[in-house]
Amino acid sequence: SGFENLRRLGIFDKIETVTVAPADYDSVHRALRVAEPDEVYNLSGQSSVGLSFQFPSETLESISVGNLNFLEAIRVIGRPVRFYNACSSECFGNISVAADGTTPFRPRSPYAVAKSAAFWQVANYREAYGLFATSGILFNHESPRRGIEFVTRKITDHVARIKHGLIDELRLGNIEATRDWGFAGDYVRAMWLMLQQDEPRDYVLGTGESHTVREFLAAAFSFVGLDWEQFVEVDPRYFRPVEVEALLADASKAEKLLGWAPKVAFSDLVK
């Protein structure tokens with residue numbers, strides 16, 4: 001799907017691709033030798049919180065072991081490579097206030113446990129070996145290219161199909177869960193900024209606004225002139241064993257040191 005996205009964007013023929021298996025150290029080492037990158041953005045790994053309960057070993061290996069392999073290969077190669085690790089707001093678990101860089105982690109899923117481990121790996125390699133290694137603790141960031149298994153795209157895909165008369169219902173789990181949703185393009189800009197600084201630091205990235213899944217539903221259906229309550233059914237099958245009920249970011253550090261702020265508002269993101 002990544003290659004298909006690149007083709008749709010019209011840039012696939014303008015870049016050089018190198019295949020790598022992140023959980024295989026030799027593969028990572030070879031790929032870095034071939035590519036000779038100045039910057040590495042590690043966005044790999046099993047990315048679904050829900051699926052991580054079904055595939056905990058794969059999730060831990062692909063995220064935590066994969067991240068460790070990149071760090072170790074960069075250390076061994078010895079070139080001044082700047083490294084970005086995609087951390088996650090899921091590491092915080094349930095929080096009652098906006099989370100910043102001082103908020104302790106309390107992961108509530110195998111996915112969050114793996115991301116927490118990767119965060120501390122980055123900190124360790126930065127302190128022990130002087131690597132320019134950073135983690136972006138990103139809150140939910142969405143776009144039309146988000147996988148259909150994620151709630152935002154599941155909603156918007158079903159809204160479109162319902163509007164066109166192809167289906168007549170949308171089944172979801174916990175619609176009272178609260179998230180800090182932003183636009184992926186804004187967050188990628190922040191990732192790049194993090195690797196352009198003089199010193200490597202970890203940053204929390206988010207909008208500072210929280211919205212429920214219910215609000216997302218209402219906005220999405222309203223854009224096509226429909227009442228969401230006529231089409232949505234809450235289905236217990238989609239509830240997770242342990243749910244993170246609320247997430248909210250304090251991105252003041254990124255605003256101050258990177259000059260970064262999100263440009264796309266919630267309603268524009270949904271639309």
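Residues count as buried under 20% relative accessible area, as exposed over 50%, and as partly exposed in between. The model toured here is predicted.

Begin by selecting E72 and R75, which both lie in helix α4 (residues 56-77), 3 residues apart, or about one turn of the helix. The two side chains form a salt bridge whose closest N and O atoms are 2.6 Å apart. E72 has a relative accessibility of 21% and therefore counts as partly exposed. R75, at 34%, is partly exposed as well.

Select next R126 and D202, a salt-bridged pair with its closest N and O atoms 2.9 Å apart. R126 belongs to helix α5 (residues 110-129), while D202 sits in the loop between α7 (184-194) and β8 (203-205), 76 residues away. Both R126 and D202 are buried.

Proceed to R214 and E176, whose side chains meet in a salt bridge at 2.3 Å, N to O. R214 lies in helix α8 and E176 in the loop between β5 and β6 (178-179), so the pair ties together parts 38 residues apart in sequence. Then display E169, R171, D235 and R237, which a network of salt bridges links.

Turn now to the largest nonpolar core, which has 20 residues; I155, L170, L172, V213, L217, F221 and V232 touch the most other members. Two or more residues come from each of α6 (151-163), β5 (170-172), α8 (213-222) and α10 (266-270). The largest share, 6 residues, is from α8. Centre the view on V232: beyond its neighbours within four places in sequence, V232 contacts L170, L172, L217 and F221.

Finally, select Y187, L205, L258 and W260, which are among the 16 residues of a second, separate core.

Note on methods
Residues are numbered from 1 along each chain as its sequence is written. This is a predicted model: local features need pLDDT of at least 70, side-chain atom pairs count only at pLDDT 80 or more; totals for chains, interfaces and linings use all residues. Side-chain values use heavy atoms; hydrogens and water are left out. A nonpolar core is a set of buried Ala, Val, Leu, Ile, Met, Phe, Trp, Tyr and Cys residues joined through side-chain atoms within 4.5 Å. Buried means under 20% relative accessible area, exposed over 50%, partly exposed in between (1.4 Å probe, protein chains only). Helices (H or I, at least four residues) and strands (E, at least two) are DSSP runs, numbered from the N terminus. Contact means heavy atoms within 4.5 Å. A salt bridge is a side-chain nitrogen of Lys or Arg within 4 Å of a carboxyl oxygen of Asp or Glu.
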